[in-house]
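Below is a short report on one protein chain.

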Amino acid sequence: MRIVEGISVGISAIRSNKMRSLLTMLGIIIGVAAVLAMIAIGDGAKEIVKQDVQKLGGANQVIMYRTWYKRVNNRWVHNRSSEYLKYGDVLAIEAECPSIKAVTPQEWNWGGVLIQAPGGTETRAGWNGVDTTYKTAMDWKLKEGRFITDGDVENATKVCVLGDEVATALFGDKSPLGQEIKIARGSGHYDKWGRKDRRRSTERFIVIGTLIPRGRSLRFGWSFDNLAFMPISTVQERFTGDDHIGYISFYAHTVADVPKAIEEVKTVIRKRHRNQDDFIDFFEMRKGMAQLEKISKIIKITLGSIAGFSLLVGGIGIMNMMLVAVTERTREIGLRKSLGAKRLDILLQFLIEAVIICSVGGAIGIGLGILAGEGMAMLAVKIVKIVPEWPAVISLEWILISVSVSAIIGISFGLYPALKASSLSPIKALRAD
């Protein structure tokens, strides 16, 4: 029997028993649809986290900061080191660390700071002291105007670049370029040691640019669009009153280069800070991604196991239906054999029929799984209201896996009925009622 003829016979057999065939496919349809829908939602969550990490600067970013406490003999003690990070460290890391493609300082106040525009309009936001590298390192584009330059840092100019939320809150739809605004040093006007700050509470800045919307960090909760960016030297001179830098962000060429980059930075810090590096600590973005990968693997294994049981039940249903088909078509099998059909022809006929049932069920399951994934993604947005959209990531890899599993089930569970049919004696088959 030719393969094409076997497929034709298999389709005819399915069409002649539509309801029974559909009920037989049900286990395969539900199993495949459940796998694709859950994987789509799981990969969508993974995509959201990846986007959030990218929003923060990418998985290749490491934030170095002066730690106020360190662990000694399994307990936390106050860090009494007199060493602090300074702008010279930024320049040294940039010059001496080949594994790093960008490095930028940051001195921030994340919120609650009063910012006033001409005419009395005001908002509460945050500020961040950076240098010219920040925009490039964060891959952040300008909406209008320009960003902070090396000249602004060298001269500690009183200029600022506004995030989208700040610009909208202060100026609405109007361009803020060239406008003078007032920015407070902090929400309570206390210095970093908790002492009352006696200097002027606000400073005047000229707006030189605005940034395109960046969004809110899901992990930390702050909004990048609710910040005003100023030269790091201006922040030190006007706000903090010293040459210390709270945070230095550096970006390795690749995620794999992060450990090497950290060691290179430690070497630079020891060289510049009396052979000390215990006053600093590192926050690695990639570690959060590694945890995400582990969680994703656990989810996929769990879902795969659940789907495996569902597909197993579907496979048993297929075997049961094929055994019934063999019984119903015993005389047909005897007639075919008496007319010259070989044992292999009968085997292929029933095996192809089982594979077709599984393949059709798998195809229907794929379509249903895609629709279910999209529907669950829409529902997830309503439940988890902190994200504007939840992508349903339909993986081609899992579609191919679903099709392959369906075919394997058809072959595995259809083999026994097919072997039983092919082993029937023509004479006994023709005598069957």
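Start with Arg238, which is partly exposed at a relative accessible area of 26%. The model is predicted, and the values here are computed from it. Arg238 forms a salt bridge with Glu203, with 3.9 Å between the closest N and O atoms. Glu203 is buried at 5% relative accessibility. Arg238 sits in helix H7 (residues 232-240) and Glu203 in strand S9 (residues 202-211), so the pair ties together parts that are 35 residues apart in sequence. Both residues belong to a salt-bridge network that also includes Lys158 and Glu237.

**The chain as a whole**

The chain has 13 helices and 12 strands. It runs to 433 residues, and 46% of them are buried. Among contacts with a separation of 6 or more, 78% join residues 24 or more positions apart. The structure holds 12 salt bridges.

**Salt bridges**

| Pair | Closest N to O | Relative accessible area |
|---|---|---|
| Glu96 and Lys271 | 2.9 Å | Glu96 38%, Lys271 59% |
| Arg238 and Glu203 | 3.9 Å | Arg238 26%, Glu203 5% |

Take the bridge between Glu96 and Lys271. Glu96 lies in helix H3 and Lys271 in helix H8, so this bridge ties together parts that are 175 residues apart in sequence. Glu96 counts as partly exposed, whereas Lys271 counts as exposed.

**Helix packing**

Two packed helices are described by the angle between their axes and the distance between the axes. At what angle do H3 and H8 pack? Helix H3 (residues 87-96) and helix H8 (residues 258-272) pack at about 130 degrees, with their axes 10 Å apart. That angle makes H3 oblique to H8. Their crossing is right-handed.

On the H3 side, the contact involves Gly88, Asp89, Ala92, Ile93 and Glu96. On the H8 side, Val265, Val268, Ile269, Lys271 and Arg272 take part. By class, the contact of H3 with H8 has five nonpolar, one polar and four charged residues.

Asp89 deserves a separate look. This residue is found in helix H3. Is Asp89 buried or exposed? Asp89 is buried, with a relative accessible area of 0%. Leaving out residues up to four places away in sequence, Asp89 touches Tyr84, Ile248, Ile269, Arg272 and His273.

The crossing of H2 and H11 is right-handed. The contact of H2 with H11 has 19 nonpolar and six polar residues, and no charged ones.

**A residue in strand S9**

Thr202 is placed in strand S9. It is partly exposed, with a relative accessible area of 24%. How far apart in space are Thr202 and Lys182? The C-alpha to C-alpha distance is 6.0 Å, although the two are 20 residues apart in sequence. Thr202 touches Lys182, Ile183, Ala184 and Arg185, not counting residues up to four places away in sequence.

**Positive phi**

Most residues other than glycine have a negative phi. Which residue has a positive phi of about 50 degrees although it is not a glycine? One case is Ala156. Ala156 lies in the loop between helix H5 (150-155) and strand S7 (159-162). It is buried, with a relative accessible area of 11%.

Arg274 is another residue other than glycine with a positive value, its phi being near 50 degrees. This residue lies in the loop between H8 and strand S12 (280-284). Arg274 counts as exposed at 57% relative accessibility, whereas Ala156 is buried.

Definitions and conventions:
Residues are numbered from 1 along each chain as its sequence is written. This is a predicted model: local features need pLDDT of at least 70, side-chain atom pairs count only at pLDDT 80 or more; totals for chains, interfaces and linings use all residues. Side-chain values use heavy atoms; hydrogens and water are left out. Axes are lines fitted to C-alpha atoms, for helices over the stretch in contact, and angles run from 0 to 180 degrees between N-to-C directions. Helices (H or I, at least four residues) and strands (E, at least two) are DSSP runs, numbered from the N terminus. Angles under 35 degrees count as roughly parallel, over 145 as roughly antiparallel, 65 to 115 as roughly perpendicular and the rest as oblique. A crossing is left-handed if the near helix is turned anticlockwise from the far one by less than a right angle, and right-handed if clockwise. Contact means heavy atoms within 4.5 Å. Ala, Val, Leu, Ile, Met, Phe, Trp, Tyr, Cys and Pro count as nonpolar, Asp, Glu, Lys and Arg as charged, and the others, Gly among them, as polar. A salt bridge is a side-chain nitrogen of Lys or Arg within 4 Å of a carboxyl oxygen of Asp or Glu. Buried means under 20% relative accessible area, exposed over 50%, partly exposed in between (1.4 Å probe, protein chains only).
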